[in-house]
Amino acid sequence: MRKQTPPSPKAHRFVPGRQYRGLRGKVVDRVEHKFEEGLLYIHVRFVDKTELCWRIATRMTIEEADLSDWKSGDFERLRVFVRNEQDRSV
């Protein structure tokens with residue numbers, strides 16, 4: 001049997017996502033969040049009196065809407081009215 005070696009620290013390197021120009025080197029004063037009118041606001045405030053704010057919204061989607069015959073107890077599907085958009089491409 002071959003002994004497995006644990007992955008090196010390099011294997012778990014941080015891979016940056018979206019980078020925001022003008023923020024590098026800024027010093028964070030505080031981070032706040034609040035919920036207001038169905039939105040989550042995340043405020044990152046810097047000591048130079050500037051702020052980065054994310055507004056995050058959730059959306060309700062219909063996964064699927066169908067008509068079924070439940071008389072027999074097996075819920076035989078008669079018709080599908082709505083499918084999630086991801087399912088439509090298949």
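# Exercises on surface contacts and strand pairing

Tyr20, Trp54 and Ile56 together make up a nonpolar surface patch, with about 270 Å² of accessible area between them. The exercises below work from a predicted model.

## Exercise 1. The nonpolar patch

Task: State how exposed each member of the patch formed by Tyr20, Trp54 and Ile56 is.

Solution. 

Step 1. Buried requires under 20% relative accessible area and exposed requires over 50%, with partly exposed in between.

Step 2. Tyr20 has 37% relative accessibility, so this residue is partly exposed.

Step 3. The relative accessible area of Trp54 is 33%, and Trp54 is therefore partly exposed.

Step 4. Ile56, a residue of strand E3, is at 38% relative accessibility and so counts as partly exposed.

## Exercise 2. The aromatic pair

Task: How many aromatic pairs are counted, and how is the geometry classified?

Solution. 

Step 1. The count comes to one aromatic pair. The ring centres of Tyr20 and Trp54 are 5.9 Å apart.

Step 2. Centres must lie within 6.5 Å for rings to pair, and planes over 60 degrees apart count as edge-to-face. The planes of Tyr20 and Trp54 stand at 75 degrees, so this pair is edge-to-face.

Step 3. Distant parts of the chain are linked by this pair: Tyr20 belongs to the segment before strand E1 (28-36), and Trp54 to strand E3 (residues 51-57), 34 residues apart.

## Exercise 3. Charges over rings

Task: Which residues lie over the faces of Tyr20 and Phe46?

Solution. 

Step 1. Over the face of Tyr20 lies Arg18, 5.7 Å from the ring centre.

Step 2. Over the face of Phe46 lies Lys26, at 5.4 Å from the ring centre.

## Exercise 4. Strands E4 and E5

Task: In what sense do strands E4 and E5 pair, and over how many bridges?

Solution. 

Step 1. Strand E4 (residues 64-69) pairs with strand E5 (residues 76-83) in the antiparallel sense, over six bridges. The bridge partner of Glu64 in E5 is Arg83.

Step 2. The hairpin of E4 and E5 has six residues between the strands, and Gly73 in this hairpin has a positive phi near 90 degrees.

Step 3. A salt bridge of 3.2 Å, N to O, joins the side chains of Asp66 and Arg77. Asp66 is in strand E4 and Arg77 in strand E5, eleven residues apart, and the pair links distant parts of the chain.

## Exercise 5. Sequence separation and the whole chain

Task: How far apart are Glu36 and Arg55 in sequence and in space? Then give the order of elements and the percentage of residues that count as buried.

Solution. 

Step 1. Glu36 is a residue of strand E1 and is partly exposed, at 36% relative accessibility.

Step 2. Glu36 and Arg55 are separated by 19 residues in sequence and by 9.9 Å in space, C-alpha to C-alpha.

Step 3. The protein has five strands and one helix, and from the N terminus on, the elements run β-β-β-β-β-α.

Step 4. Of the protein's 90 residues, 8% count as buried.

Terms used. Residues are numbered from 1 along each chain as its sequence is written. This is a predicted model: local features need pLDDT of at least 70, side-chain atom pairs count only at pLDDT 80 or more; totals for chains, interfaces and linings use all residues. Side-chain values use heavy atoms; hydrogens and water are left out. Rings of Phe, Tyr and Trp (its six-membered ring) pair if their centres lie within 6.5 Å; planes under 30 degrees apart count as stacked, over 60 as edge-to-face and the rest as tilted. Helices (H or I, at least four residues) and strands (E, at least two) are DSSP runs, numbered from the N terminus. Buried means under 20% relative accessible area, exposed over 50%, partly exposed in between (1.4 Å probe, protein chains only). A charge sits over a ring if NZ of Lys or CZ of Arg is within 6 Å of the ring centre and within 35 degrees of the ring normal. Patches are made of residues with over 30% relative accessible area and no salt bridge: like charges are joined within 9 Å, nonpolar side chains (Val, Leu, Ile, Met, Phe, Trp, Tyr) within 5 Å. Accessible areas come from the Shrake-Rupley method with a 1.4 Å probe; for residues, only the protein chains shown count as cover. A salt bridge is a side-chain nitrogen of Lys or Arg within 4 Å of a carboxyl oxygen of Asp or Glu. Two strands pair if DSSP finds at least two bridges between them.
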